[in-house]
Amino acid sequence: MFSYHSFLLLLLLSICSLTAPSLALPFEQRGFWDFGMDSDGGDLTTVIMRDEEGSAMEELPPDVPLCPFGCQCQLKVVQCSDLGLTAVPKQIPIDTKLLDLQNNRITELKENDFKGLANLYALSLVNNKISKVHPRVFMPLRHLKKLYFSRNLLTVVPKNLPPSLVELRIHENRINKVAEGTFSDLGSMNCIEMGGNPIQNSGFEPGAFKGLKLNYLRISEAQLTGIPKDLPASLHELHLDNNQIQAIELEDLRHYKLLYRLGLGYNHIRMIENGSLSYVPNLRELHLENNRLTRIPRGLPDMKYLQVVYLHSNNISQVDTNDFCPRGFGMKRTFYNGISLYGNPVNYWEVQPATFRCVSDRLAIQFGNYKK
């Protein structure tokens, strides 16, 4: 028989075992994209611990919202991907921060699909069959920052996107028109990815990008025959690869003085008008590979900050001594660390070594052998 003191000792040990933290690992998302949450994410990073005997979810109060059938709900993340859903599920917890609905069969977004989800930070609708979006469906999402809408059946950019939006990925749809004012009231937008849509230059109405202060824009794998007009002057990166662009004319880059990365690879460019590159004095990286150029573009020696230039797989047959580097010493602020010229009908032994006097390392020059 236990003494009174022994009973007290056992009771204390029992209490300690109940209050000791679990050593189990925190919940990990599987098959879900990672998000760089802002510093105001707060308790989103709070770790829900689980012990060997059961989940912490079992001890939650009875008024905790239910999780939609088939979905996983943890740490304010609701994961409903790959479930064959044909509509947005009901009973999504109102404190949800991240909602994953990718890889389903959703065809339409209805007015009340996201009702009450004012705290939603990121929404993924990638790889569904959405062709119809109610103009008021995004109204409740006052704090939405990231919207991933790629690989659907949209023909236009949805209306009334949340003003809080920072990143929009809407590539690989069927968008062929961007109307004037489409992105109005989206002054916080930083990144738009809309490649892989069958849009032509005429599909961008005047004022289509009005009001935007983008840093990043990609319209690759479309049907562009020239650089679109009136893009945001704030751009740092512009990617127009895999189009049908024929030439770069003098005024094409006039408004993009902040640009530091320009992607024009895999087009049909034969001509770059003299002086056109002078409008992008801060350019660091220039992609012109897999085009139809017959000469090195004029103006490269005057670009003080240019470090990488891709010119491989063109029709360049001659490289002159002053094609890349300025004549005067000290005029270039940063040396090249990458020049690609392979796949051109030019013999590397015919190029003077002084041609690359402003290259940081000879290994940065890629010539290779030309095969017709």
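This is a predicted model: local features need pLDDT of at least 70, side-chain atom pairs count only at pLDDT 80 or more; totals for chains, interfaces and linings use all residues.

Me: Where does S220 lie in the chain?

Reply: S220 is placed in the loop between β10 (216–218) and β11 (237–239).

Me: Is S220 buried or exposed?

Reply: The general idea is that a residue counts as buried when its relative accessible area is under 20%. S220 has a relative accessible area of 5%, so it is buried.

Me: How should I describe the chain as a whole?

Reply: One may begin with the secondary structure: the chain has 1 helix and 18 strands. Of its 372 residues, 44% are buried. The chain exposes about 20,600 Å², and carbon and sulfur atoms supply 51% of that area.

Me: What share of the contacts joins residues at least 24 apart?

Reply: The share is 48%, taken among contacts in the chain between residues at least 6 apart in sequence.

Me: Let us turn to the cysteines. How many disulfides does the chain have?

Reply: The general idea is to look for two cysteine sulfur atoms within 2.5 Å of each other. By this rule the count comes to 3 disulfides. If the bonded cysteines are numbered in sequence order, the pairing reads 1-3, 2-4, 5-6.

Me: Which cysteine is joined to C67, and is that link right-handed or left-handed?

Reply: C67 is joined to C73, with an S to S distance of 2.0 Å. The angle about the S-S bond is 80°, and the link is right-handed.

Me: Are C67 and C73 buried or partly exposed?

Reply: C67 has a relative accessible area of 28% and is therefore partly exposed. C73, at 19% relative accessibility, counts as buried. The value for C73 has to be read against the cut-off of under 20%.

Me: Which cysteine is joined to C71?

Reply: C71 forms a disulfide with C80, and the S to S distance is 2.1 Å. This link is right-handed as well, with 115° about the S-S bond. C71 is buried, with a relative accessible area of 13%, and C80 is buried, with a value of 0%.

Me: What can be said of the disulfide that joins C325 to C358?

Reply: The S to S distance in this pair is 2.0 Å. The link is left-handed, with -85° about the S-S bond. C325 lies in the loop between β16 (308–310) and β17 (338–340), and C358 in the loop between β17 and β18 (365–366), so the pair ties together parts that are 33 residues apart in sequence. Both C325 and C358 are buried.

Me: How is a pair of aromatic rings described?

Reply: Such a pair is described by the distance of the centres and the angle of the planes. In the whole structure, a search finds 9 aromatic pairs. In one of them, the rings of F183 and F209 have their centres 5.8 Å apart and their planes at 20°, so this pair is stacked. The pair links distant parts of the chain: F183 is in the loop between β8 (167–169) and β9 (191–193), and F209 is in the loop between β9 and β10, 26 residues apart. F183 is buried, with a relative accessible area of 1%, and F209 counts as buried at 4%.

Me: Why is the pair of F324 and F356 called tilted?

Reply: The planes of these rings lie at 35°, with the centres 5.9 Å apart, so the pair is tilted. This pair, too, links distant parts of the chain: F324 is in the loop between β16 and β17 and F356 in the loop between β17 and β18, 32 residues apart. F324 is buried, with a relative accessible area of 0%, and F356 is buried, with a value of 13%.

Me: Which residues form one aromatic cluster with F324 and F356?

Reply: The cluster consists of F324, Y336, Y348, W349, F356 and F367.

How values were computed
Residues are numbered from 1 along each chain as its sequence is written. Side-chain values use heavy atoms; hydrogens and water are left out. Helices (H or I, at least four residues) and strands (E, at least two) are DSSP runs, numbered from the N terminus. Buried means under 20% relative accessible area, exposed over 50%, partly exposed in between (1.4 Å probe, protein chains only). Contact means heavy atoms within 4.5 Å. Accessible areas come from the Shrake-Rupley method with a 1.4 Å probe; for residues, only the protein chains shown count as cover. Rings of Phe, Tyr and Trp (its six-membered ring) pair if their centres lie within 6.5 Å; planes under 30 degrees apart count as stacked, over 60 as edge-to-face and the rest as tilted.
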